[in-house]
Structures are given as structure tokens and as C-alpha cells.
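Open the model in your viewer and keep the sequence panel beside it. Each stop below says what to select and what is there.

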Amino acid sequence: MKRINAFSFRAWVIGALFMAAFSGCATVEPYQKGNLADYTMRSDRDELASVMTSHIQFSREASTGGEGVGGGGCGCN
Amino acid sequence: MLVLIGSVVAQAEAWGPETEVGDLAAFDLAGDIPVMEGKVTLIDFWASWCAPCKAAFPEMENLYLKHKDAGFQVLAISLDQKAKMMDSFLKRQKPSFAIAHDTKQLLARSAEIQVMPSSFLVDKNGVVRYAHKGWHGDKSVKSLEKQIKTLLDE
């Protein structure tokens, strides 16, 4: 019984290490951001919805602004 | 360990001042690549989805028209993943300088492009002398103008 547990534990450890090594963080290079820069990826593409969201935030949080980003909007630099 | 070795090797290939550009045909680029020997070349990496890249186009056209007779040329390399988007932008812009398409992004990977747009001024011997990251409007134009003149006078 003990032997099976030791084997099982080892298998779990090896499995976890394998998953950690071959999964997770993939780096998107600046020149691969074509899809991310697409218009449909913008959170402010619906002007009316943006105004409403901003109004709700102001009413609930007593603060406004801070939604914009710097640069050309493509996140490429 | 492999990752560490890989990153060291990759760093050695990143483009910057003193990098010898070499044969660009090895990177499977689509389009006509101009002969760089004996000419000052601005190699610009751009994409149709990148707003600052597009803003640089009219200024690059001006610089090209102004200095082409003195031996200056521009090679704009598109890193678009969708050729249709690139064609659509070029149809509207109609640049008169050379355009190539890095279809598999092999050159971008090799040059380790960190910012879009990135441009490199290459001297008459095919060596990168100046590197520009991003596009900063008039500031970029003035700096490019000065550097182009310096390289043409050599």
C-alpha cells in the first residue's frame, strides 16, 4: 500500500512539473498584436455604452476618468 | 538551461548599431528587396494595424523623395499577419518606396523587434548605424533627416 502511495506521489510531482514546464505564459511579441489591435477588441467601441458606463461609475464611485491608454491605441509601443 | 542558451543566442542577433544586415532574401520576404550596397537605406518595420506606423508613412515618403537622388532609399517591411490588411492600406497610401512583406515574421524575430514601428538606418556598407524605436512625429523626422545627411556625406 505504501509503495503505491509513493509511486502515486511521484507521478503527481512529475505530472505537475511537466505541466508547469509546458503550459502557461506565452509571450506576445509587439509585431504579433494585430488581432489585439483590432477595432472589435476595444472596450470603448460603443460610444453610448461608454457614456452610460462612465455615468454609472461617476454616480457610484464619485470619481471619473482613467479609462484611456497612452500611445497609438494599438498597444504596440 | 536551454531557455537561457536560447535567449543569449537570440540577444546576439538583435539589430542595433553595428549590426551587419546581410542577405535579407534568406528571410523569405515577399516583394522586391532593393540592392543596399552603395546606398543609405532606411529599413522600417511596420504593420497596418499600428497607428504610429501609419503616421510615419507620409514623412518617410517625403524623406525618400527629398533624398533619393543623393542615394537614399526606403524599404518598408510589413509584419502584417493578414496580407489583405496590408494591401488595403498600401492601396490608399500608394508609397513610391520599396515594400516587402515578412510573411512568416522570420526577420522580425531575428531582428528582435521590441517596438512598433522600429526603423534602422543602414549605411552604404550594409551596416546598421542608427536605430529608431517608435514614431515621435517631428522629433523623429528631424533626427532622421540629420542622420540621413550624415550617412550620405560619408
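A residue is called buried if 20 or more other C-beta atoms lie within 10 Å of its own, exposed if 12 or fewer do, and partly exposed in between, with C-beta atoms placed from the backbone. This is a predicted model, in which local features need pLDDT of at least 70 and side-chain atom pairs count only at pLDDT 80 or more, while totals for chains, interfaces and linings use all residues. Residues are numbered from 1 along each chain as its sequence is written, and chains are lettered from A and ligands numbered from 1 in the order in which they are written.

**Stop 1: chain A**

Select chain A. Chain A has 2 helices and 0 strands; helices (H or I, at least four residues) and strands (E, at least two) are DSSP runs, numbered from the N terminus. Chain A has 77 residues, of which 8% count as buried.

Now show both chains. Their contact takes 10 residues from chain A and 17 residues from chain B; two residues are in contact if their C-beta atoms, placed from the backbone, lie within 7 Å. On the side of chain A that touches chain B, 5 residues are nonpolar, 4 polar and 1 charged. Here Ala, Val, Leu, Ile, Met, Phe, Trp, Tyr, Cys and Pro count as nonpolar, Asp, Glu, Lys and Arg as charged, and the others, Gly among them, as polar.

**Stop 2: the nonpolar core**

Which residues have the most contacts inside the largest nonpolar core? Select B:Ala47, B:Ala76 and B:Ile77: these are the ones, in a core of 37 residues. A nonpolar core is a set of buried Ala, Val, Leu, Ile, Met, Phe, Trp, Tyr and Cys residues joined through C-beta atoms within 7 Å. In soluble globular proteins, nonpolar side chains tend to be buried together.

To see where the core comes from, colour these elements of chain B, each of which gives it two or more residues: strand 1 (40–46), helix 2 (51–67), strand 2 (72–78), strand 3 (98–101), helix 4 (106–111), strand 4 (118–122) and helix 5 (138–153).

Centre the view on B:Ala47. Leaving out residues up to four places away in sequence, B:Ala47 touches A:Tyr31 and A:Gly34 in chain A, and B:Cys53, B:Ser78, B:Leu79, B:Asp80 and B:Met116 in chain B.

**Stop 3: two helices side by side**

Select helix 2 and helix 5 of chain B. They pack at an angle of about 25°, and their axes are 11 Å apart; axes are lines fitted to C-alpha atoms, for helices over the stretch in contact, and angles run from 0 to 180 degrees between N-to-C directions. That angle makes helix 2 of chain B roughly parallel to helix 5 of chain B. The word covers angles under 35 degrees, while those over 145 count as roughly antiparallel, 65 to 115 as roughly perpendicular and the rest as oblique.

Next, show the side chains where these helices meet. From helix 2 of chain B come B:Glu59, B:Leu63 and B:His67, and from helix 5 of chain B come B:Val141, B:Leu144, B:Glu145, B:Ile148 and B:Leu152. By class, this contact has 5 nonpolar, 1 polar and 2 charged residues.

Is B:Glu59 buried, exposed or partly exposed? B:Glu59 counts as partly exposed because it has 16 C-beta neighbours inside 10 Å. B:Glu59 and B:Ser140 are 81 residues apart in sequence, and 9.4 Å apart in space from C-alpha to C-alpha. B:Glu145 has 15 C-beta neighbours inside 10 Å, so it counts as partly exposed.

**Stop 4: loops of chain B**

Go to B:Lys94, in the loop between helix 3 (83–93) and strand 3 of chain B. Phi of B:Lys94 is near 50°, a positive value in a residue other than glycine. B:Lys94 counts as exposed because it has 8 C-beta neighbours inside 10 Å.

Move on to B:Gln105, in the loop between strand 3 and helix 4 of chain B. Phi of B:Gln105 is also positive, near 55°. With 17 other C-beta atoms within 10 Å, B:Gln105 is partly exposed.

Select the peptide bond from B:Met116 to B:Pro117: it is cis, with omega near -5°. B:Gln114 is found in the loop between helix 4 and strand 4 of chain B. Leaving out residues up to four places away in sequence, B:Gln114 touches A:Pro30 and B:Lys133.
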